[in-house]
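Keep the sequence and the structure in view while reading.

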Amino acid sequence: MKRNFLLLSVFFLISCTSDVFQDNAGCPIKQGRQITVEFEYNSAELNEKAVSKLKKIARKARERSSFVCFLGRLAYQGVPSGQALGAMDRVKNTAAIFLQEGVDPAQIYIGMAPENPRIGFSKPQNAEEEKHTLNLLIEP
């Protein structure tokens, strides 16, 4: 019984995740590998370790002709337009890696969405608590 409930929960969560990609990035796929790239506070730069991992993922996506959907996430604090620009910079820097590795631009979809509302405090209390992320959904 517990196993069935867990399986149903996983399928439900997967479908909720894909809806966010489809609604905000026009993503043509419903399921796939989801990757979260975290950035340092107020930065859109990727470190060397992240770049090498993303290059490996990009090469596999190119070999399989997979669709790659990018979803920039807006941070909790700051002026919305400033947060949107930061999210777009994170998307551009990450998508550039996929393009450099030969992923067809027609296979790439890009969008932005606000973070989910938090329970409790309405905003992070300091910079370390604020997350700047980029989500990727890659066709299997």
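Helix α2 covers residues 48-64, and its 17 residues should span 24 Å at 1.5 Å a residue; the end C-alpha atoms lie 25 Å apart, which agrees. The expected span is 1.5 Å times one less than the number of residues. Helices (H or I, at least four residues) and strands (E, at least two) are DSSP runs, numbered from the N terminus.

The model is predicted: local features need pLDDT of at least 70, side-chain atom pairs count only at pLDDT 80 or more, and totals for chains, interfaces and linings use all residues. Residues are numbered from 1 along each chain as its sequence is written, and side-chain values use heavy atoms, with hydrogens and water left out.

Buried means under 20% relative accessible area, exposed over 50%, and partly exposed in between (1.4 Å probe, protein chains only).

| Class in α2 | Residues |
|---|---|
| Buried | Leu-54, Ile-57, Ala-58, Ala-61 |
| Exposed, on the face turned away from the buried side | Glu-48, Lys-49, Lys-56, Glu-63 |

The buried residues of α2 are Leu-54, Ile-57, Ala-58 and Ala-61. Seen down the axis, they fall within an arc of 105°, so they line one face of the helix. The arc is that of the directions from the helix axis to the C-beta atoms.

What follows α2? Ser-65 does, with a positive phi near 55°.

The protein has three helices and four strands. Along the sequence the pattern is α-β-α-β-α-β-β. Of its 140 residues, 34% are buried.
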